[in-house]
Amino acid sequence: MKPTVLVVTTTSWVPTARLAVALGDAGFRVEALCPPDHPLGKTQAASRIHHYQGLAPLRSLARAIAAAEPDLVIPGDDLAARHLHELHGRREGTSLGTSLRTSLRNLIERSLGSAEAFPIIHARAAFMELARKEGIRVPTTEIVRTVDDVKSVVEHVGFPTMLKADGTSGGEGVRTVRTVAEAQSAFRKLHAPPLLARALKRAALDQDSTLIWPSLLRERPTVIAQSYVAGHEATSTVACWKGKILASLHFEVLRKSNAAGHATVVRLIENTEMSDAVEKMVRRMGLSGLCGFDFMLEASTGNAYLIEINPRATQVGHIALGAGRDLPAALYGAITGQTSRVMPAVTTNDTIALFPHEWARDPQSEFLRTGYHDVPWGTPELVHACIRRSWKQSKWYSRGDRSTEVAAATAAMKAATENSAKASLPAR
């Protein structure tokens, strides 16, 4: 029988659907817990989909696990990872008996690694301190506890200063400040609970209810100050098992959706300092599953500064680039003890334009022609859904039938990338 993996996500993020397809290709039977109308539903990857309930997240997660009886659980976003960690620590309120609760805790530890690392993963300052103790290059980092502490902390860290709020991702809770006044203003915003109006708007328009409980409970995130590293971003994503790396991908970021947003174009690299840092942290924290690590490559020296951990699958985790670079296949081998068929490298081009993000950023981007455009042509409904979603965010989009325009855009995109895709495909 195929091993079962439960993919858990609290948002309608397209890369989670891509990952589910890749896991199925690696040999897993895939089930998913996700919000209604998730792009994953546009694929044939999941044999069963469970609906995530933002107002009762742990209950819906526990029920999905009980129903799926998975061999492995993979979080697709930071909040999903937090839910799994909270469910692991909860001793009542999940409607599960003692034996089932023990099985659930064992499943989460098998999927994510040592429970001792769970609190560190969500605390930026604690993670940075652990990395520093491992001899890894990290920026100076301090916790800012109150607005009265801002001046002394940022002056010690130095300007420019990065202020970051725990529990945020995708650049949402990050501010770059250059004066004490800017730092104080940014701290007040980052340290404040989410506005209820914002939480309700996101729930109504985006079907995303993740901010409602933090808003109602008036939760205030911890804010850290971090020294600024002048350079460009890089990222590593790995499949690991009991503190050992099974497969890895390392990229430098060439383009982003915006200054604080996610990557849209990446280039495959080999960087010894990055790979050594990742190996040390995976071993020290006893990690399992899929996770990512973000770096800054200093412009003047090339030094790699570790700045963050992503305790979940990242947006490049589905990309198969051959032996040692196929994360789903590596996890399949760890779970089954068998060798999974490593998927052929999807490209020999080291520059990858991520779909739909780079196309949405700039439909005329040179990287769509010169790089490998990572379009899931094998799942045309997902391609169409991504195009519709991008257009819905534009001002000219109306509620009318846009099927003709979607088909035309798909054809134009395929024609524009066909030559570069053919050139980068391995010989068959």
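Which residue lies over the face of Y305? R137 does, at 5.8 Å from the ring centre. A charge counts as sitting over a ring if NZ of Lys or CZ of Arg is within 6 Å of the ring centre and within 35 degrees of the ring normal.

The model is predicted: local features need pLDDT of at least 70, side-chain atom pairs count only at pLDDT 80 or more, and totals for chains, interfaces and linings use all residues. Residues are numbered from 1 along each chain as its sequence is written, and side-chain values use heavy atoms, with hydrogens and water left out.

## The chain as a whole

The protein chain has 16 helices and 15 strands. Helices (H or I, at least four residues) and strands (E, at least two) are DSSP runs, numbered from the N terminus. Of the 428 residues, 54% count as buried. Buried means under 20% relative accessible area, exposed over 50%, and partly exposed in between (1.4 Å probe, protein chains only). The chain exposes about 19900 Å², and carbon and sulfur atoms supply 50% of this area. Accessible areas come from the Shrake-Rupley method with a 1.4 Å probe; for residues, only the protein chains shown count as cover. Among contacts between residues at least 6 apart in sequence, 65% join residues at least 24 apart. Contact means heavy atoms within 4.5 Å.

## The parallel sheet

Strands of a sheet pair through backbone hydrogen bonds, either parallel or antiparallel. Two strands count as paired if DSSP finds at least two bridges between them. Axes are lines fitted to C-alpha atoms, for helices over the stretch in contact, and angles run from 0 to 180 degrees between N-to-C directions.

Within this sheet, β1 (residues 4-8) and β2 (residues 29-34) are joined by five bridges. T4 has R29 in β2 as its bridge partner.

## The aromatic pair

A search of the whole structure finds one aromatic pair. F28 and Y332 form this pair, which is edge-to-face, with 5.6 Å centre to centre and 85° between the planes. F28 lies in the loop between α1 (14-26) and β2, while Y332 lies in helix α12 (residues 327-336), so the pair ties together parts that are 304 residues apart in sequence. Rings of Phe, Tyr and Trp (its six-membered ring) pair if their centres lie within 6.5 Å; planes under 30 degrees apart count as stacked, over 60 as edge-to-face and the rest as tilted. F28 is buried, with a relative accessible area of 3%. Y332 also counts as buried, at 13% relative accessibility.

## The antiparallel sheet and its surroundings

A second open sheet has the strand order β5-β8-β6-β7, and here the pairing is antiparallel. At the edges stand β5 (141-144) and β7 (174-177), each with a single partner strand, so one side of each is left without a neighbour in the sheet. The twist averages 25° from one strand to the next. Helix α7 (residues 150-157) packs on the sheet and touches β5, β6 and β8; its direction makes about 170° with that of β5.

A225 is found in strand β8 (residues 223-227). This residue is buried, with a relative accessible area of 0%. Leaving aside neighbours within four places in sequence, the contacts of A225 include T140, V153 and M162.

## Antiparallel strand pairs

| Strands | Bridges | Facing residues |
|---|---|---|
| β6 (161-165) and β7 | four | K164 and V174 |
| β9 (231-241) and β10 (244-256) | eight | W241 and K244 |
| β10 and β11 (263-268) | five | V253 and V266 |

The hairpin of β9 and β10 has two residues between the strands, and K242 there takes a positive phi near 55°. From β10 to β11, the hairpin passes through six residues.

## Two further helices

The buried residues of helix α6 (residues 124-133) are R124, A125, F127, M128, L130 and A131. Just after α6, G135 takes a positive phi of about 80°. S185 is in helix α8 (residues 180-191) and counts as partly exposed, at 33% relative accessibility.
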